[in-house]
Amino acid sequence: MSRVWHITGANTGLGLELALKALSEGDRVIAAVRTPSKAPDALRGSNVEILQFDLSWDQVAMNDYAAKTIAAFGKVDVLVNNAGYSYMGAIEESEDKEVKFQFDVNVFAPLRLIRSFLPSLRSQGSGTILNISSIGGLRSYPSNGIYCASKFALEGITEALATEISPFGLNAHIVQPGYFRTNFLSSVTSGANIAPAMDEYNGTIAHEARRAFSEISGNQRGDPEKGAARIWEFVAGEGLFKGKERLLRLPLGSDTGGVMREVAGELERTADGYEDVWRSTDFEMGA
């Protein structure tokens, strides 16, 4: 059956590839973009509705937007929170204003959008929410801690949300892409979204990480077209997901899969190594 996808940041990168994949499979797409006039020609057609969308909107504006969006095709089946950006720099280098804006865009905007669509999704008794996290939602990295923290927060929200909305026939999932070859790092390498460098960190791993951003950009291993195909298959239960249980997290990229295994192993080692510690803090049974 044809699905209606709502995708924020659908004009570039993984969002664009996902929109194109959905359209190629006969689905319909609502492309939520900041500047509709700049949307690529590939998104223009009878099965696409391009809507102006701003991550800074408050809850009232989001509610109004959701009502207009649902009216476009009469429903939304898949809500994809894809739009976001990265603010880089060592923790000490970070600035309060920029940190707050990072969380407003990557955490509070998706939260407001989810709230605005849930009444309609509950009413129709079906729907999937996909929150695009990152490899940085599994592990935090030097000069990337603020961005990773925002993804940790988004994952925490999604994990609770998935349980809360399941009685209504709804699903929520975390998509964890690794480094995919998009323009995601371009704003950082241009100096737009990176904190002023402190000389005290020269020669440390924090500034080595800064330099690595330029080396990584354009050389990422992940293929956005393949990543988008896996996301569509995950929702549709087709392709590589045919016959598989749809789990809470969808890891994309061999780098994410590797880190997921590392983190799982570290947690297991910690639980085993400190078992006497964590057991020692309980009340005695019957006390």
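1. Tyr274, Val277 and Trp278 make a nonpolar surface patch of about 330 Å². Patch members have over 30% relative accessible area and no salt bridge, with nonpolar side chains joined within 5 Å and like charges within 9 Å; a salt bridge is a side-chain nitrogen of Lys or Arg within 4 Å of a carboxyl oxygen of Asp or Glu. Areas come from the Shrake-Rupley method with a 1.4 Å probe. Tyr274 lies in the loop between α8 (254-273) and α9 (275-280) and is exposed, at 53% relative accessible area (exposed: over 50%; buried: under 20%; partly exposed: in between).

2. The model is predicted: local features need pLDDT of at least 70, side-chain atom pairs count only at pLDDT 80 or more, and totals for chains, interfaces and linings use all residues. Residues are numbered from 1 along each chain as its sequence is written, and side-chain values use heavy atoms, with hydrogens and water left out.

3. The chain has 9 helices and 7 strands, taken as DSSP runs (H or I, at least four residues, for helices; E, at least two, for strands). The C-alpha trace spans about 60 × 60 × 40 Å along its principal axes, and 45% of the 287 residues count as buried.

4. A search of the whole structure finds 5 aromatic pairs. Rings of Phe, Tyr and Trp (its six-membered ring) pair if their centres lie within 6.5 Å; planes under 30 degrees apart are stacked, over 60 edge-to-face, and the rest tilted. One of the pairs is Phe53 and Tyr65, tilted, at 5.1 Å centre to centre and 55° between the planes. Phe53 lies in the loop between β3 (48-52) and α2 (59-73) and Tyr65 in helix α2, so the pair ties together parts 12 residues apart in sequence. Phe53 is buried at 5% relative accessible area, and Tyr65 is buried at 3%.

5. Tyr85 and Phe101 also form a tilted pair, with 5.8 Å between centres and 45° between planes. Tyr85 sits in the loop between β4 (78-81) and α3 (96-124), and Phe101 in helix α3, 16 residues apart. Tyr85 is buried at 13% relative accessibility, whereas Phe101 is partly exposed at 43%.

6. Phe53, Trp57 and Tyr65 form one aromatic cluster.

7. Two charge-over-ring contacts follow. The charged end of Lys21 sits over the ring of Trp232, 5.3 Å from its centre, and that of Arg122 over the ring of Phe168, at 5.8 Å. The criterion is NZ of Lys or CZ of Arg within 6 Å of the ring centre and within 35 degrees of the ring normal.

Key
Buried < 20%, exposed > 50% of the residue type's maximum accessible area, 1.4 Å probe, protein only.
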